[in-house]
Amino acid sequence: MERYYQKDIECASREQIRAWQDERLVRQVRNVWDNVPYYRKKMEEKGLTPDDVRNVDDLSKLPFVTKDDLRQAYPYGLLARPLKDCVRIQSTSGTTGKRVVAFYTQHDIDLWEDCCARAIMAAGGTNEDVCQVSYGYGLFTGGPGLNGGSHKVGCLTIPTSSGNTERQIMFIRDLNATILCCTPSYAAYLAESMKEMGLTPDQIPLKAGIFGAEAWSQEMRRDIEKTLGIKAYDIYGLTELSGPGVSYECSAQTGMHINEDHFIAEIIDPNTGEVLPEGSKGELVFTSITKEAFPLLRYRTRDICVLHHEDCPCGRTHIKMSKPMGRSDDMLIIKGVNVFPSQIETVLMGQSFAPNYQIIVDRVNNTDTMEVLVEMTPEMFSDQLSQVAEKEKQVVAALKAMLGIYAKVRLVAPKSIQRSEGKAVRVIDKRKI
Amino acid sequence: MTIQQISVFLENRAGQLAEITAILSEHQVNMRAIHIAETSDYGVLRMIVDRPQRAASLLLEHGFVLSMTPVLAVTVPDEPGALGKILTLLARENIDVEYVYSVFGQVQDRACMIFRVADIDRLAALLQDNGMPPAHHQELGIQDEQK
């Protein structure tokens, strides 16, 4: 039996959804015009006033917002409410120089948690479930978002956060956790660990998993489902928009329903910015129409995917998005963490290595691995291995400090890194997703 | 008294060493000693050649990363226990040996060892005082090159 958290909204007619979007978009445009000078200037530069946006059809007149805008406006430039009305900040996964800080009023937190509650109930969750949230807590939105959603559904919530696999497994078994929320790669790791302990699916109380924050394949999904004896649901979100729960999967597992009462989705051509017709593959753009503190109009996610309307067997009427199929910029998502090649370059230059490097990303046993090939330089070289190893260690530590994740460093001969048309091939992504 | 060792960075891949020996042989540079230290990912080739400046500039031209490292060559009678005597002396004087390796063949009917230590002058003086003067580069067949 399909369960809903807010059935009237999740299964509303398309006309009703459109009416909500029209009304809320107009109000949001007025809101940013009145309260965010940064937006007002951007609109004025395009010769727009709030009167030019009368409904969703006018959305494409508005300028885009990019991650660059977020950086330029850091930290308060896009804030639409006085700080005294804000109760929380969250931030994007620790990447220096690219950090985005998002603000929430209590109303924003409530709506975000509603979105996560919808995802949990779509995965079959009720107040009789025990929901273990193994996403990181803190600035990362994964833990706090699902934690709030789990409370709203009324699940007994176990806030284990990430890490300490033994304890995770102990709680799942001792407290009979029925729903697991974490990144797919951590789910795969937990599944593998339980298998190694000799546990069979019938000895694992879990029945569903809500896994997101990084790309994962159908094969990986089936593997996790089989090993844990669960049904695995995808969830999507961005800190910029709220966090997890912007869209989520239902039992049909054929795409993620976007919470259209809060977010308007568009697909654009990443090169021209032109809006593409439904069913086209392109860059996903979101407008948050209910956020108070940190509203974003036409935010370019850089995620490439497809939107499709269709009657879903689950009864929900909200549009579905495919899993993101790639990025329109050079950002990599490794173990759920955003990594830009330029950050690696910054570290290498700081360690007096040449900026000649190559990043090799792979997935071994369902876990992402990153290896950075670095060309040896005379400054770094020594006839003593221990000194070379010491410098290698310093680079590994500096990369860890910059990216927040471990990267293996491999020293290679000068000029050995492939260059194509004079430009180095910076990233080799071997992951089959 | 010191001898110039060429230290070359080696990526751990087939053919790297062959490339170096090919470059040297093409220019008639003769190796007097080689030693390789390695990790799973890379290695360091240390070598004594008869024309160190020439060899270094050839390898640099071919894009290798290298450094010149001063080392000491010490000849000892080619018989059991000879090396042990030096090592015992070094241990007693608390001189830490970074690494040691041997020269091909004999040098004036004696075995010859290459020593890399932190304080090379101290080692040279110590050996001198104990009647084991370090070998001169000519003794190893290393030529005087125009720089």
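Reply: We can begin with a term: domain bounds are taken from an automatic or database domain assignment. For chain B, this assignment gives domain 1 (3–69) and domain 2 (71–140). The model is a predicted one, in which local features need pLDDT of at least 70 and side-chain atom pairs count only at pLDDT 80 or more, while totals for chains, interfaces and linings use all residues. Residues are numbered from 1 along each chain as its sequence is written, and chains are lettered from A and ligands numbered from 1 in the order in which they are written.

Me: What separates the centres of domain 1 and domain 2 of chain B, taken over C-alpha atoms?

Reply: The two centres are 22 Å apart. The contact takes eight residues from domain 1 of chain B and twelve residues from domain 2 of chain B; two residues are in contact if their C-beta atoms, placed from the backbone, lie within 7 Å.

Me: Which element gives the most to the side of domain 1 of chain B that touches domain 2 of chain B?

Reply: That is β2(B), with four residues. Strands (E, at least two residues) and helices (H or I, at least four) are DSSP runs, numbered from the N terminus.

Me: And the sheet in chain B, what is its strand order?

Reply: The order is β2-β3-β1-β4-β6-β5 in an open sheet of six strands with antiparallel pairing; two strands pair if DSSP finds at least two bridges between them. At the edges stand β2 and β5 (97–102) of chain B, each with a single partner strand, so one side of each has no neighbour in the sheet. β5(B) is joined by five bridges to strand β6 (residues 110–117) of chain B, and B:Tyr99 has B:Arg116 in β6(B) as its bridge partner.

Me: Now the two chains. How many residues does each give to the contact?

Reply: Chain B gives 14 residues and chain A gives 16 residues. On the side of chain B that touches chain A there are five nonpolar, five polar and four charged residues. Here Ala, Val, Leu, Ile, Met, Phe, Trp, Tyr, Cys and Pro count as nonpolar, Asp, Glu, Lys and Arg as charged, and the others, Gly among them, as polar.

Me: Over to chain A. Is A:Ile359 buried, exposed or partly exposed, and why?

Reply: A:Ile359 counts as partly exposed because it has 19 C-beta neighbours inside 10 Å. A residue is buried if 20 or more other C-beta atoms lie within 10 Å of its own, exposed if 12 or fewer, and partly exposed in between, with C-beta atoms placed from the backbone. A:Ile359 lies in strand β17 (residues 357–364) of chain A, and the residues it touches include A:Pro341 and A:Met370. A:Pro341 is 18 residues away in sequence and 7.8 Å away in space, C-alpha to C-alpha.

Me: How does β17(A) pair with β18(A)?

Reply: These strands pair in the antiparallel sense over eight bridges, and A:Gln358 stands opposite A:Leu373 in β18(A).

Me: Last topic: at what angle do α5(A) and α6(A) cross?

Reply: The axes of helix α5 (residues 106–122) and helix α6 (residues 142–153) of chain A cross at roughly 70° and come within 7 Å. That makes α5(A) roughly perpendicular to α6(A). Angles of 65 to 115 degrees count as roughly perpendicular, under 35 as roughly parallel, over 145 as roughly antiparallel and the rest as oblique. Axes are lines fitted to C-alpha atoms, for helices over the stretch in contact, and angles run from 0 to 180 degrees between N-to-C directions.

Technical notes:
Lists of a residue's contacts leave out its neighbours within four places in sequence.
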